[in-house]
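Q: I would like to learn how to read the features of a model, one at a time. Could we work through one together?

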Amino acid sequence: MAIKLVIKDINAGYGAVRALHGVSLEINQGKTVALLGTNGNGKSTLMKCVMGMVKPDSGSVLLEMDGEVHDLTQMSTESIVNLGVSMVPEGRRLFPKLTVEENLLLGAYRQQARGQIATNLEFSYEAFPLLVERRRQLAGSMSGGQQQMLAIARALMSSPKLLLVDEPSVGLSPLLVSHTITKIKELKEKYDLTVLMAEQNFNQAIRIADYGYIIVHGEIVSQGDVESLKNNDMVKNFYLGVSA
Ligand SMILES: Nc1ncnc2c1ncn2[C@@H]1O[C@H](COP(=O)(O)OP(=O)(O)O)[C@@H](O)[C@H]1O
Ligand SMILES: [Mg+2]
């Protein structure tokens, strides 16, 4: 299934707070694109625009699938999930008092996915075998790394084609950050996903990204393939020094 996301010139915000200014971004089938920026620069807002959770004031978010074009700014989040787009939210947003399996079942939101709960549950457990033995454990009692795995597994419960991952590294130790990022790459390859990942950890994100965009104060200030970003002066000054 050919899929392409084209974000064109979007402006968005929250009342008087303007978070995105003329942001454009593209992701082609099978690619991993990193949206790089430190706190408060608009990464989550852009992800939410793709999920229909924030409506841009102007601009378009087009998802091309098999020759059909869907304008996500005109669709509900539920319909967007139904198309095959899923997000692992920042901070994981699990239900700590529910078990691992109950959290997974809540991910079977997509209409088509509801009929395939058993298959998708098996799929999520196959992707994350460590969750099988913990299926009856309360999500809140697991370590941060395990919770991040559960949050990703839950996003897989809607059998997405396009997976958005918002700051998977937050709150994890360096070793777990590395494991989590590697896992995202493995899942992408195994299940033929297309991935948009927001990160502040430049070095970890570019390990698996094909292409990156740097967002500062709601504007894309630089973009390019990973090699060109590593050699970009602004990146060297602002990111490579601080987020190794
Ligand atoms: N719900 C909200 N209400 C008002 N302002 C918000 C809200 N969410 C984010 N913002 C503001 O929008 C800007 C971008 O935030 P965000 O997209 O969360 O950035 P990032 O994900 O890069 O940290 C920030 O100035 C932030 O304070
Ligand atoms: Mg954020």
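This is a predicted model: local features need pLDDT of at least 70, side-chain atom pairs count only at pLDDT 80 or more; totals for chains, interfaces and linings use all residues.

Q: In what sense do E3 and strand E9 pair, and over how many bridges?
A: Strands of a sheet pair through backbone hydrogen bonds, either parallel or antiparallel. Helices (H or I, at least four residues) and strands (E, at least two) are DSSP runs, numbered from the N terminus, and two strands pair if DSSP finds at least two bridges between them. E3 and E9 (residues 211-216) pair in the parallel sense, over 4 bridges. Leucine 36 stands opposite isoleucine 214 in E9.

Q: How do E9 and E10 run, and what lies between them?
A: E9 and E10 run antiparallel and are joined by 6 bridges. Isoleucine 215 has isoleucine 220 in E10 as its bridge partner. The two strands form a hairpin with 2 residues between them, and histidine 217 in the turn has a positive phi of about 45 degrees.

Q: What is the strand order of the sheet with mixed pairing?
A: This open sheet has 6 strands in the order E6-E7-E8-E3-E9-E10. Its edge strands, which pair on one side only, are E6 (85-88) and E10 (219-225). The twist averages 15 degrees from one strand to the next; axes are lines fitted to C-alpha atoms, for helices over the stretch in contact, and angles run from 0 to 180 degrees between N-to-C directions. Helix H6 (residues 144-156) packs on this sheet and touches E6 and E7 (162-166), its direction making about 170 degrees with that of E6. Contact here means that the C-beta atoms of two residues, placed from the backbone, lie within 7 Å.

Q: What is the order of the sheet with antiparallel pairing?
A: That open sheet has 4 strands, ordered E2-E1-E4-E5. E2 (17-28) and E5 (68-71) are the edge strands, each pairing on one side only. From one strand to the next the twist averages 20 degrees. E1 (residues 3-14) and E2 are antiparallel over 8 bridges, and alanine 12 has leucine 20 in E2 as its bridge partner.

Q: Where does helix H1 lie, and how many of its residues are buried?
A: H1 (residues 43-50) lies across E1, E2 and E4 (58-65), at about 65 degrees to E2. A residue is buried if 20 or more other C-beta atoms lie within 10 Å of its own, exposed if 12 or fewer, and partly exposed in between, with C-beta atoms placed from the backbone. In H1, 8 of its 8 residues are buried, including Leu46, Met47 and Val50. Glycine 52 follows H1 and has a positive phi, near 75 degrees.

Q: Why does methionine 51 count as buried?
A: Methionine 51 is buried because 20 other C-beta atoms lie within 10 Å. Its place is in the loop between H1 and E4. Leaving aside neighbours within four places in sequence, methionine 51 is in contact with Thr77, Ile80, Val85, Met87 and Leu164.

Q: Which residues surround ligand 1?
A: A residue is near a molecule or strand if its C-beta atom, placed from the backbone, lies within 6 Å of it. The residues around ligand 1 are Tyr14, Val17, Ala19, Gly37, Asn39, Gly40, Asn41, Gly42, Lys43, Ser44 and Thr45. E2 and H1 are the elements that give two or more residues to this shell, and H1 gives the most, with 3 residues.

Q: How many residues of the protein's 244 does the 43% figure describe as buried or exposed?
A: The figure describes burial: of the 244 residues, 43% count as buried.

Note on methods. Residues are numbered from 1 along each chain as its sequence is written. Chains are lettered from A and ligands numbered from 1 in the order in which they are written.
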